[in-house]
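Hi,

Here is the structure I promised to pass on to you. Have a look at it first, and then read my notes below.

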Amino acid sequence: GTTLIAGLCRTGWRVVVLSATDDEARIGKALAAGALACVPKTAALPVLTTTVRRATQGVNVMHPGRRQYLVDRYREQQAQARAIERRLASLTERERRVLDRLAHGQRAQAIATDSHLSLATIRTQIRAVLHKLEVTSQLEAVALLHEYQRLADGA
């Protein structure tokens, strides 16, 4: 949706987003794309109409401090995602496949069997994943992957 927001804003539209999310970073993304405000779907009709009226009049729709806070939350989330992405990018293709399989709950022995590799080889790859991701356990590595996916989905 933020691509649509940015496009509308570039052509001179004033955009107010009506959304069910309370995720501050997602709201910040819409604001960073040019939306004037984000109104919850649960807001009373007078709140929505007042917001739209103020937007059409060119009046501040949101408190500037609140707006900046939300945009900053989005930018912080993006920075976190980029940092994790750099760590994940250091993995070889095979190491990434091993991490993905760990994330799907497979044990090293099952990965070795399915890959027609020795258990020692898979364990070496797991150690390489842990080292490159700068974590100390398989659980941390999987959690980092899930965190990246969560952050990237918010992008």
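**What I found**

Let's start with C9, which sits in helix α1 (residues 2-10). (Helices here are DSSP runs of H or I with at least four residues, strands are runs of E with at least two, and both are numbered from the N terminus.) Before going on, please note that this is a predicted model, where local features need pLDDT of at least 70 and side-chain atom pairs count only at pLDDT 80 or more, while totals for chains, interfaces and linings use all residues. Residues are numbered from 1 along each chain as its sequence is written, and side-chain values use heavy atoms, with hydrogens and water left out.

Back to C9: its relative accessible area is 22%, so C9 is partly exposed. (Buried means under 20% relative accessible area, exposed means over 50%, and partly exposed is in between, with a 1.4 Å probe and protein chains only.) Leaving aside residues up to four places away in sequence, C9 touches V15, A33, G34 and A35, where contact means heavy atoms within 4.5 Å. C9 and A35 are 26 residues apart in sequence, and their C-alpha atoms are 7.5 Å apart in space.

Now the helix pairs. In general, two packed helices are described by the angle between their axes and the distance between the axes. (The axes are lines fitted to C-alpha atoms, for helices over the stretch in contact, and the angles run from 0 to 180 degrees between N-to-C directions.)

Helix α2 (residues 24-32) packs with α4 at an angle of about 105 degrees, the axes being 7 Å apart. The two are therefore roughly perpendicular to each other. (Angles under 35 degrees count as roughly parallel, over 145 as roughly antiparallel, 65 to 115 as roughly perpendicular, and the rest as oblique.) On the α2 side the contact has E24, A25, I27, G28, K29, L31 and A32, and these meet R66, R67, Y69, L70, V71, R73, Y74 and Q77 in α4. Sorted by class, that gives eight nonpolar, two polar and five charged residues. (Ala, Val, Leu, Ile, Met, Phe, Trp, Tyr, Cys and Pro count as nonpolar, Asp, Glu, Lys and Arg as charged, and the others, Gly among them, as polar.)

Helix α5 (residues 93-103) and helix α6 (residues 108-115) pack at about 130 degrees, with axes 10 Å apart. That makes α5 oblique to α6. V98, R101 and L102 of α5 make the contact with I111, D114 and S115 of α6. By class, this contact has three nonpolar, one polar and two charged residues.

Which residues of α5 are buried? They are E95, V98, L99 and L102. Seen down the axis, these fall within an arc of 100 degrees, so they line one face of α5. (The arc is that of the directions from the helix axis to the C-beta atoms.) In α6, the buried ones are A108, I111 and A112. They cover an arc of only 100 degrees, which puts them on the same side of α6. Their cover includes α5 and α7 (119-133).

Finally, a couple of loop residues. H116, in the loop between α6 and α7, has a positive phi of about 60 degrees although it is not a glycine. H116 counts as exposed, at 73% relative accessibility. E134, in the loop between α7 and α8 (138-154), also is not a glycine and has a positive phi of about 60 degrees. With a relative accessible area of 62%, E134 is exposed.

Cheers
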